[in-house]
Amino acid sequence: MSCTRAWVLRWSQGAKVHLQKLRSPKTTLLPHVLTRLSSTFDSHSHQTIEQLEKDGSRIIQIVKKRIVEREELLSQIGDTVSSKEDIKRAKILRESENLQEAWTEWNKTRELLQETIPLLNDPDPVMRSLAADEYSSLATTFSEHISTVFPSLLTPVSPTANLSALMELKSGVGGSEASLFLTNLLRMYQRYAHTMRWKANIVASNENEGGGTKDAVIEFEGKGAYDALRWESGVHRVQRVPATEASGRVHTSTVAIVVLPLVEEKESEELFSMADVKVEVMRARGAGGQHVNKTESAVRLTHIPSGITVSMQDERSQHQNKRRAFQVLSARLMDAKLIRDVAARRDTRRNLVHGADRSEKIRTYNYPQDRVTDHRIGMSTTNLTSVMEGEGLQEFIEALQKHHHESIMENMLDGS
Amino acid sequence: MLPPSLIRRVAAQELKWLKNHAQNDAHILNDLVRRRVNGEPLQYILGTQPFGPLNLLVRPPVLIPRPETEHWAIHLSSLISPTPKRPLSLLDLGTGSGCIPLLLCRVWPKGSLRAHGIDISPDAVRLASDNALRCGTPTPTDPEAHDANTFKPVLASYLTSAFLDVIEPPFDIITSNPPYIPLHEYQTLPDSVKNFEDRGALFGGRDGLDFYRAIARLVSQKGVLSDDGLVVLEVGHDQADAVSRILVDTGNAFKIDIWLDPWGKRRTVVARKETKSIF
């Protein structure tokens with residue numbers, strides 16, 4: 001009897017260690033697991049493991065396949081890594097080390113779960129309750145491996161993980177109110193950038209005569225900026241009573257956002273050839289030179305093959321405007337290339353988020369209801385202020401990133 | 001005449017820069033706008049002007065660097081790539097804010113350029129020195145000068161050759177944006193140019209070519225321009241041919257090139273001294 005209790009306690013400690021190792025600290029107990037645990041601890045519990053395995057069977061299969069491949073590689077590799085193939089194998093092995101570890105841990109958890117099941121029916125009530133605690137924490141580890149740990153380890157590294165981002169905002173329907181909201185959004189993204197330790201730099205902006213900002217371009221410098229902010233592309237809708245509205249009627253206005261990947265100058269050479277870019281200065285200047293000291297620095301680029309034009313006038317020197325314009329041109333061409341790549345891999349099929357259609361309404365900011373809703377993932381929060389302060393935005397972006405990873409996983413499962 | 005929409009766009013853009021400069025202080029902004037309305041150049045009000053990768057100080061009455069000058073200076077910097085092994089010697093005539101030599105000092109490899117600039121205006125020499133300090137470009141006698149590009153502005157006229165006692169020739173490159181506005185055009189200059197910028201930096205004599213003749217005399221002197229030396233001169237909107245002729249008439253074997261500015265004007269006359277053929 002006492003011997004059995006000692007067993008359970010040891011497992012319990014073991015489970016704690018397991019939990020700490022988990023990548024996501026937030027553990028959500030599956031409701032159906034809990035219900036089953038609280039009712040009876042007999043055959044139903046056993047079904048739970050099976051049910052979980054059945055639900056996650058496809059992902060488990062993929063992991064299993066990878067582990068088998070890994071073992072084959074391990075047997076092929078020589079004692080001393082010398083040949084070119086060996087180096088390649090060693091690299092693949094190194095990359096799959098974490099997956100192997102997670103797999104081992106998951107199998108151990110599975111074993112422990114099996115061993116706990118008989119104890120759930122122990123005559124001693126204390127023992128039963130200990131076993132129930134143990135079982136539920138093990139079940140959490142078990143299911144989280146399937147839902148989170150394995151998918152994150154199987155997801156390929158994003159090719160754009162290191163890129164900074166360029167965000168273009170344009171006020172849409174709603175006149176001045178849209179421009180005022182654009183100013184609010186700019187602030188939100190600047191604050192979000194601050195918490196992410198990215199450098200936010202307004203590259204261009206046009207004020208609206210009736211207040212607010214008509215359009216703006218903002219640069220976010222930092223690792224991961226593009227991968228996080230790319231989900232912000234689309235139409236953002238605001239519903240509120242404008243400060244200028246005497247009757248107190250709620251208006252609906254929109255701001256359209258496009259987020260582009262920023263490429264290093266040397267990489268941009270691969271995106272276009274200088275011969276294809278027409279550089280124009282925007283105005284006639286009379287005699288020019290010493291005769292004129294007006295600031296005339298506006299520049300327009302036209303990329304002839306794609307028809308993309310970029311105008312830049314915010315800097316006081318033509319040279320700077322030209323540099324900026326080339327940066328934007330590279331970003332737009334890179335964006336077009338990424339869309340082409342994705343289309344070529346045809347993995348957007350299940351992805352609701354990364355649609356190329358940027359005219360789609362993606363999010364609503366409803367002030368009277370203090371609510372923000374993302375229409376792509378059906379997520380809502382009732383703390384609008386927190387979103388506008390940048391904090392709440394993070395939750396949306398994380399959810400969108402998670403959604404993206406899941407859709408990559410689903411494509412992987414479909415392809416297997 | 002510009003369409004009103006363009007004028008409004010430019011005004012909005014200027015207002016934004018002024019607002020930025022006033023840091024949202026309404027009183028300061030009011031004052032800045034008043035100065036601008038009175039015709040004072042934006043650059044003097046803001047106190048700086050970007051020039052290529054540099055952000056230079058500008059102060060009345062020293063000539064404000066123009067985009068045409070920025071354009072050809074950047075082009076020149078990309079055409080030649082000197083090395084510290086064989087550093088180039090450069091002389092800028094009428095250096096003003098020092099924009100041309102300071103840009104080259106910034107862009108070219110460390111220790112590959114020794115530049116001098118002369119100007120008859122003490123205001124210009126002071127401003128060029130301040131800009132050199134701002135850009136971190138030392139003079140040749142500074143302790144940090146040994147492996148850096150150097151620039152020294154000197155108060156002197158290039159109408160006589162007395163300055164050659166102070167600055168030692170020969171020069172591999174002579175650059176200049178000399179005063180080139182002829183009398184009849186000087187009358188019709190916009191107020192923001194005529195009333196605020198140094199007449200001495202703008203007015204080029206009756207036909208606007210006085211200083212090109214002086215420069216041609218200077219570069220013809222034996223030992224001033226090195227073999228294969230380069231003369232790069234900014235010219236007025238319709239002066240490229242006249243200036244080319246002045247250079248050719250010196251009897252030197254010059255190979256002449258003319259560069260266009262971003263607006264399509266023939267803006268820069270480039271003369272390379274050709275070494276005498278053996279045949």
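# Briefing on a predicted two-chain model

In this predicted model, 34 residues of chain B are in contact with 21 residues of chain A. Helix H1 (4-22), helix H3 (42-46), strand S1 (48-51), helix H4 (67-79) and helix H8 (191-194) of chain B each give two or more residues to the side of chain B that touches chain A. By class, the residues on that side of chain B are 17 nonpolar, seven polar and ten charged. The points below treat the domains, the helix contacts, the strands and some backbone features in turn.

**Domains of the two chains**

- Chain A is divided into domain 1, which covers residues 2-154, and domain 2, which is made of 164-262 + 346-415.
- The contact between these domains takes six residues from domain 1 of chain A and five residues from domain 2 of chain A.
- On the side of domain 1 of chain A that touches domain 2 of chain A, H4 and H7 of chain A each supply at least two residues.
- That side of domain 1 of chain A consists of four nonpolar residues, one polar residue and one charged residue.
- In chain B, the domain assignment gives domain 1 (1-38) and domain 2 (47-273).
- The centres of domain 1 of chain B and domain 2 of chain B, taken over C-alpha atoms, are separated by 31 Å.

**Helix H7 of chain A and helix H6 of chain A**

- Helix H6 (residues 97-116) and helix H7 (residues 125-154) of chain A have axes that come within 9 Å and cross at roughly 155°.
- Angles over 145 degrees count as roughly antiparallel, and H6(A) and H7(A) are therefore roughly antiparallel to each other.
- The crossing in which H6(A) passes H7(A) is left-handed.
- On the H6(A) side, the residues that make the contact include Leu99(A), Ala102(A), Trp106(A), Arg110(A) and Leu113(A).
- On the H7(A) side, the residues that make the contact include Glu134(A), Tyr135(A), Leu138(A), Phe142(A), His145(A) and Phe150(A).
- The contact of H6(A) with H7(A) has 13 nonpolar, five polar and two charged residues.

**Helix H7 of chain A and helix H4 of chain A**

- Helix H4 (residues 57-76) of chain A packs with H7(A) at an angle of about 40°, and their axes are 11 Å apart.
- This angle makes H4(A) oblique to H7(A).
- H4(A) and H7(A) cross in the left-handed sense.
- From H4(A), the contact is made by Ile59(A), Ile60(A), Ile62(A) and Val63(A).
- From H7(A), the contact is made by Ile146(A), Phe150(A), Pro151(A) and Leu154(A).
- The contact of H4(A) with H7(A) has eight nonpolar residues, with no polar and no charged residues.
- Phe150(A) of H7(A) takes part in the contact with H6(A) and in the contact with H4(A).

**An open sheet in chain A**

- Strands of a sheet pair through backbone hydrogen bonds, either parallel or antiparallel.
- In chain A, three strands form an open sheet in the order S6-S7-S8, and the pairing is antiparallel.
- Strand S6 (277-281) and strand S8 (308-312) of chain A are the edge strands, each of which pairs on one side only.
- On average, and with direction ignored, neighbouring strands of this sheet are turned by 15° against each other.
- Strand S7 (residues 299-303) of chain A pairs with S8(A) in the antiparallel sense over five bridges.
- Arg300(A) stands opposite Ser311(A), which is in S8(A).

**A hairpin in chain B**

- S1(B) pairs in the antiparallel sense with strand S2 (residues 54-57) of chain B, over four bridges.
- Pro50(B) has Asn55(B) in S2(B) as its bridge partner.
- S1(B) and S2(B) form a hairpin with two residues between them.
- Gly52(B), in the turn of this hairpin, has a positive phi of about 55°.
- Strand S1 of chain B is also among the elements that give two or more residues to the side of chain B that touches chain A.

**Backbone features in loops of chain B**

- The peptide bond from Pro60(B) to Pro61(B) is cis, with omega near 5°.
- Pro61(B) is in the loop between S2 and H4 of chain B.
- Pro169(B) and Pro170(B) are joined by a cis peptide bond with omega of about 0°.
- Pro170(B) lies in the loop between strand S5 (150-155) and strand S6 (171-176) of chain B.
- Gln23(B), a residue other than glycine, has a positive phi near 50°.
- The loop between H1 and helix H2 (26-37) of chain B is where Gln23(B) is found.

How values were computed:
Residues are numbered from 1 along each chain as its sequence is written. Chains are lettered from A and ligands numbered from 1 in the order in which they are written. This is a predicted model: local features need pLDDT of at least 70, side-chain atom pairs count only at pLDDT 80 or more; totals for chains, interfaces and linings use all residues. Two residues are in contact if their C-beta atoms, placed from the backbone, lie within 7 Å. Ala, Val, Leu, Ile, Met, Phe, Trp, Tyr, Cys and Pro count as nonpolar, Asp, Glu, Lys and Arg as charged, and the others, Gly among them, as polar. Domain bounds come from an automatic or database domain assignment. Two strands pair if DSSP finds at least two bridges between them. Axes are lines fitted to C-alpha atoms, for helices over the stretch in contact, and angles run from 0 to 180 degrees between N-to-C directions. Angles under 35 degrees count as roughly parallel, over 145 as roughly antiparallel, 65 to 115 as roughly perpendicular and the rest as oblique. A crossing is left-handed if the near helix is turned anticlockwise from the far one by less than a right angle, and right-handed if clockwise.
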